[in-house]
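Please examine the sequence and the model before reading each solution.

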Amino acid sequence: MSGTRLGDLMVKESLIAPEQLAQALEYQKKNGGRLGSCLIKMGFVNDEDVTTFLSRQYGVPSINLAYFEVDSDVVKLVPEDTARRYEIVPLSRVGSSLTIAMVDPTNVFAMDDIKFMTGFNVEPVVASESSIREAIDRFYAQAQGSALDKVMEEFAEGGEDVLELEATQEELAEGELERAAGEAPVVKLVNIILRESVNRGASDIHMEPYEKDYRVRFRIDGLLQTVMTPPFKMRDGIISRIKIMSKLDIAEKRLPQDGRIMIRFQKDGKVKQLDFRVSVLPTLHGEKVVMRLLDKENLRLDMTKLGFEQESLTKFERAILKPWGMVLVTGPTGSGKTNTLYSSVSRLNSPDTNIVTAEDPVEFQLHGINQVQMKEQIGLNFASALRSFLRQDPNIILVGEIRDFETAEVAIKAALTGHLVLSTLHTNDAPSTISRLMNMGIEPFLVATSVQLICAQRLVRRICVNCKIEHKMPLQALIDAGYTPQEAQEVVTYKGKGCEKCNGTGGKGRVGLYEVMEMTEDLRELVLVGASALELKRKAMELGMITLRRSGLIKVREGLTTLEEVVKETVL
């Protein structure tokens, strides 16, 4: 449809005034582009007005592409350059009909061209120009397009490690899997996935094969998000490429395998080193790969920035500055325990202190600290490492995790013989950690005398500061969550509306909730008489312990997180 005709019809429908049309035509003459686009840029109409108008005028349905996902097989029917030239997006195929979204449903040249190219009858629907451009970027990014080469070049600039990986790959025996992994599209695609995970701030990459499709998801701020569905035929090539990079056996498909990828690349003029911990697991439809991204820049070693309430931080620092005893950090996988322990040893790291750690695996390398990687297959476990440590004249010992009686026993003996021992346990809250140690077989008097402090923690999503808005909650919901009636009246709650910076989720980054239980004389007496976790919790709260739920409610009151997040992660 010609711009003038569209303008005349919009004036006739009272969508715009005649003088607005004149101004838009003048603007179009100077700057080019479609009249509809010029009207939108000048603020006379919005996207929705134009699409609704065209839909009504031509009896063609309109569509909001922001909520539309397209099968990659349908996208491949129309080349990207054709889609950009005609401003169209292929949406779905039923039998011999192909539905396409168009800015201008009267463009017969475009429809004829697509019909000739694909051999299908074309059914148009209307979408706005901006949403079509966004959709082209989004849908064609899943296929390997022109951006791939650019990203690959930039990625390869990292130098040694990438080149080293390429060399390793060529040294391998010639075979089908090696050839599949060496094909340029597979190499580029894997590099893009690794690169994107860094750019988006992901903590894990999940690559999952199903019966007919292959899915790539990133865990961002604790939530999994689907980012890509590569062609199913690339599955074996992708897995082989990752196995080659992490020096695993590419012929072994029946057993789980673990490895590591070290990569360097340039970002903003700086050389960035990345460490991916790789786990390969055989599933029903092929091998699932999970990569944990260990980015040292994301490691917060300043204890004051982790999210501790001031009184909890004072107690924690008091405990780790003692010359002996045991400090335990507890919580489920992914609750930030490692970060808290590393922050603690960094705080204690000085030239006059000998710090040794037993970890499985060593996640980050810290200067000035002697870190030991566990190797179960040769008998190097936490208990045997701990025994060796005691002959190494240590001041501070960090044990990655207390999993069994043997490790717990050696750790407690070390704590009672003049060493500070830091470790983790998987328990729900601080008081139940005492019961867990006794269930392992440790005598109550040993627990009471060795443990100095227990810190339970969780991570909750921060509200995105870019789209933070006030969000009123019912008074009863606030009281049910744990606020007193007076606090519930005064508290102001917020949420994220959803924006580009937070991918529409309303949350960006995470903050810790902490429950710090300092072992006072009163609590030690309760442990000695075999008190339950409930009795210990009650007493600790009397003595001023901030529980996980209370820590969460404080963060809600400070506008850092939402009540939903706190309720999801903690109990009253």
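**Exercise 1.** Determine which residue of S5 is the bridge partner of Ile205.

*Solution.* Step 1: in S5, the bridge partner of Ile205 is Phe218. The model is a predicted one, in which local features need pLDDT of at least 70 and side-chain atom pairs count only at pLDDT 80 or more, while totals for chains, interfaces and linings use all residues. Residues are numbered from 1 along each chain as its sequence is written, and side-chain values use heavy atoms, with hydrogens and water left out.

Step 1: S4 (residues 204-209) and S5 run antiparallel and are joined by six bridges; strands pair if DSSP finds at least two bridges between them. Helices (H or I, at least four residues) and strands (E, at least two) are DSSP runs, numbered from the N terminus.

Step 2: four residues lie between S4 and S5, which form a hairpin.

**Exercise 2.** Explain why the buried residues of H7 are on the same side of the helix.

*Solution.* Step 1: in H7 (residues 108-118), the buried residues are Ala110, Met111, Ile114 and Thr118. Step 2: they cover an arc of only 95° around the axis, which puts them on the same side of H7; the arc is that of the directions from the helix axis to the C-beta atoms. Step 3: on the other side of H7, Phe109, Asp112 and Phe116 are exposed. Step 4: the buried residues of H7 pack against H6 (80-86), S1 (88-94), S2 (97-102) and S3 (121-126).

**Exercise 3.** State which element has the lowest mean pLDDT.

*Solution.* Step 1: pLDDT is the predictor's confidence in each residue, from 0 to 100. Step 2: the chain has a mean of 84, and 90% of its residues reach 70 or more. Step 3: H10 (residues 160-171) has the lowest mean, 36, whereas S10 (residues 325-330) has the highest, 96.

Terms used. Buried < 20%, exposed > 50% of the residue type's maximum accessible area, 1.4 Å probe, protein only. Contact = heavy atoms within 4.5 Å.
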